[in-house]
Amino acid sequence: QQVAGELIDMDPGSSAFIATQAEVLHSLEVVQAAVAKLPRPPHLEPEQDGIADAMDAVQASAISGTRVIALGYLGVDPNYGAALLNAMIDVYLTTVRSTTSSGQTNLIDTKDAELKELLEAIAREESQLNDLRRVAGILGTADEAAAAQSERLNGLAEEVTEARNQRIKLESQLATG
């Protein structure tokens, strides 16, 4: 994948991939969906935005040199924070599973279409080959044609031998009288 002219390593074990996943985990979409799953926290004033509060209170970052994402809540209500972090992880995992599943489905559909196209191409090639055989008067494969020609040549060789033997016999009869 390329972002702003830089290549991003999409290997699931790379630090760039882990950092990207930390950003996804702390994205507005994930936090918004997690907040929607929970009851409004009691520490918020009626005019306060629960999503903005959650975005400010949650931290997600990749731990350098590892495949670990540090996820923390720095808000005033630790019980709500624990519930929010769990909801964020649930939303993230659901999103990853859905994305992976749809990606696999798309890949399978693409491979299925490629297979159908290849099978159709094979059928077209076989049809063309059969047409060429029919036009050339070939009734089988090259091996079958070679075997038939060999059998025909053996038959002709036997006929030539028989004709030669008949000639010798006739010459002998003429010579003897």
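**Entry 1: Glu114 and Lys111**

I began with Glu114 and Lys111. Their side chains meet in a salt bridge, 3.5 Å from N to O. The model is predicted, so I read every value here as computed.

Where do Glu114 and Lys111 sit in helix 4? I found them three residues apart in that helix, which covers residues 78-136, so about one helical turn separates them.

I then looked up the accessibility of both partners. Glu114 has 39% relative accessibility, so I noted it as partly exposed. Lys111 has 47% and is therefore partly exposed too. The cut-off for exposed is over 50%, and buried means under 20%.

**Entry 2: Lys116 and Asp112**

Next I checked Lys116 and Asp112. Their side chains also form a salt bridge, with 3.5 Å from N to O. Both residues belong to helix 4 and lie four residues apart, so the separation is about one helical turn.

**Entry 3: Glu171 and Arg167**

I moved on to helix 5, residues 142-176. Here the side chains of Glu171 and Arg167 meet in a salt bridge at 3.7 Å, N to O. How many residues apart are Glu171 and Arg167 in helix 5? They are four apart, so about one helical turn lies between them.

Are Glu171 and Arg167 buried, partly exposed or exposed? Glu171 has a relative accessible area of 44%, so I put it down as partly exposed. Arg167 is partly exposed at 45%.

I also noted the total. A search of the whole structure gives four salt bridges.

**Entry 4: helix 2 against helix 3**

I turned to packing. Two packed helices are described by the angle between their axes and the distance between the axes. I looked up both values for helix 2, residues 28-37, and helix 3, residues 50-57. The angle is about 120°, and the axes are 9 Å apart. Angles of 65 to 115 degrees would count as roughly perpendicular, and those over 145 as roughly antiparallel. Helix 2 and helix 3 are therefore oblique to each other. The crossing of helix 2 past helix 3 is right-handed.

Which residues make the contact? From helix 2 I listed Leu28, Val31, Gln32 and Val35. From helix 3 I listed Gly50, Ile51, Ala54 and Met55. By type, the residues of this contact comprise six nonpolar, two polar and no charged.

Notes: Residues numbered from 1 in each chain as written. Predicted model: local features only at pLDDT ≥ 70, side-chain atom pairs only at ≥ 80, totals over all residues. Heavy atoms only, no water. Axes fitted to C-alpha atoms, helices over the stretch in contact; angles between N-to-C directions. Helix = DSSP H or I, 4+ residues; strand = E, 2+ residues; numbered from the N terminus. Parallel < 35°, antiparallel > 145°, perpendicular 65-115°, else oblique. Left-handed = near helix turned anticlockwise from the far one by under 90°. Contact = heavy atoms within 4.5 Å. Nonpolar A, V, L, I, M, F, W, Y, C, P; charged D, E, K, R; others polar. Buried < 20%, exposed > 50% of the residue type's maximum accessible area, 1.4 Å probe, protein only.
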